[in-house]
Amino acid sequence: IEKMREYGMDTDINVEFPRNIDIEPHDLCTILGNLIDNAIEAAEKSGIPGSIAICIRKINHFTIIQVSNPYTGNEGEYIGLPATTKGDTKLHGWGLLSVADAVKKYNGTLKCKNENNRFIVTAMLFFEEASGN
C-alpha cells in the first residue's frame with residue numbers, strides 16, 4: 001500500500017479472508033506478493049490513472065484471489081501466461097510462473113485477461129478446511 005501511495009495510485013481492497021484453510025503462508029505470500037508487485041509496476045509504467053484492485057473471497061471450497069490494474073490493449077483472455085514486458089527474459093518473468101506453481105499445488109487455476117481497460121489476474125485455489133484453528 002505504501003508503494004501504491006508513493007506512486008499516487010488509488011487502491012480498492014475488498015478482502016474477506018476465510019478462516020481455517022490449509023493454504024500455507026509462504027504460498028499465499030508468493031501469490032499475493034507477485035500479483036501485487038506486478039500490478040503496481042505495470043500501472044506505474046503505463047502512467048494510466050486508476051486503482052489497483054485486490055479482492056479475496058471464499059466460495060464453497062475455493063479461495064478466489066483477484067488482482068487488477070489499469071491497462072490499455074487488446075481485450076481477451078490469455079492462453080497460458082502473458083510474456084514478461086521486461087527486456088531480459090532470463091532474469092525476469094518468473095513471478096507469474098511462481099504464482100502458477102503455488103496455485104497448482106492447491107489444484108487451482110490461474111487466468112489472466114484484459115477487460116474494460118484492466119489487466120485482471122484471477123487465482124482460484126481449492127482448499128480443505130483445517131481443523132482446530
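Reader: Where is the place of Ile1?
Author: Ile1 sits in the segment before helix H1 (2–6), where helices (H or I, at least four residues) and strands (E, at least two) are DSSP runs numbered from the N terminus. Please keep in mind that this is a predicted model, in which local features need pLDDT of at least 70 and side-chain atom pairs count only at pLDDT 80 or more, while totals for chains, interfaces and linings use all residues. Residues are numbered from 1 along each chain as its sequence is written, and side-chain values use heavy atoms, with hydrogens and water left out.

Reader: Is Ile1 buried, exposed or partly exposed?
Author: Ile1 counts as partly exposed, because its relative accessibility is 48%, and buried means under 20% relative accessible area, exposed over 50%, and partly exposed in between (1.4 Å probe, protein chains only).

Reader: And which residues make the nonpolar surface patch?
Author: Ile1, Ile13, Val15 and Phe17 make that patch, which comes to about 340 Å². Patches take residues with over 30% relative accessible area and no salt bridge, joining like charges within 9 Å and nonpolar side chains (Val, Leu, Ile, Met, Phe, Trp, Tyr) within 5 Å; a salt bridge is a side-chain nitrogen of Lys or Arg within 4 Å of a carboxyl oxygen of Asp or Glu. The areas come from the Shrake-Rupley method with a 1.4 Å probe, and for residues only the protein chains shown count as cover.

Reader: Going inside now, how many residues has the largest nonpolar core?
Author: That core has 29 residues, and those with the most contacts inside it are Ile31, Ile52, Ile65 and Leu125. A core is a set of buried Ala, Val, Leu, Ile, Met, Phe, Trp, Tyr and Cys residues joined through side-chain atoms within 4.5 Å.

Reader: Which element gives the most to this core?
Author: Helix H2 does, with eight residues. The elements that give two or more residues are H2 (25–46), strand S2 (51–59), strand S3 (62–70), helix H3 (95–105), strand S5 (109–115) and S6.

Reader: What does Ile31 touch?
Author: Leaving aside residues up to four places away in sequence, Ile31 touches Ile65, Val99, Ala102, Val103 and Leu125, a contact being heavy atoms within 4.5 Å.

Reader: Changing topic, how many aromatic pairs does the structure hold?
Author: The structure holds three, with rings of Phe, Tyr and Trp (its six-membered ring) pairing if their centres lie within 6.5 Å, and planes under 30 degrees apart counted as stacked, over 60 as edge-to-face and the rest as tilted. One of them is edge-to-face between Phe62 and Phe126, at 5.6 Å centre to centre and 70° between the planes. Phe62 belongs to strand S3 and Phe126 to strand S6, so this pair ties together parts that are 64 residues apart in sequence.

Reader: What about Tyr78 and Phe119?
Author: Tyr78 and Phe119 are also an edge-to-face pair, 5.9 Å centre to centre with 75° between the planes. Tyr78 is in the loop between strand S4 (76–77) and H3, whereas Phe119 is in S6, so parts 41 residues apart in sequence are tied together.

Reader: Last one: is Phe127 buried or exposed?
Author: Phe127 is buried, with a relative accessible area of 1%, and lies in the segment after strand S6 (118–126). Its C-alpha is 6.8 Å from that of Ile23, although Phe127 and Ile23 are 104 residues apart in sequence.
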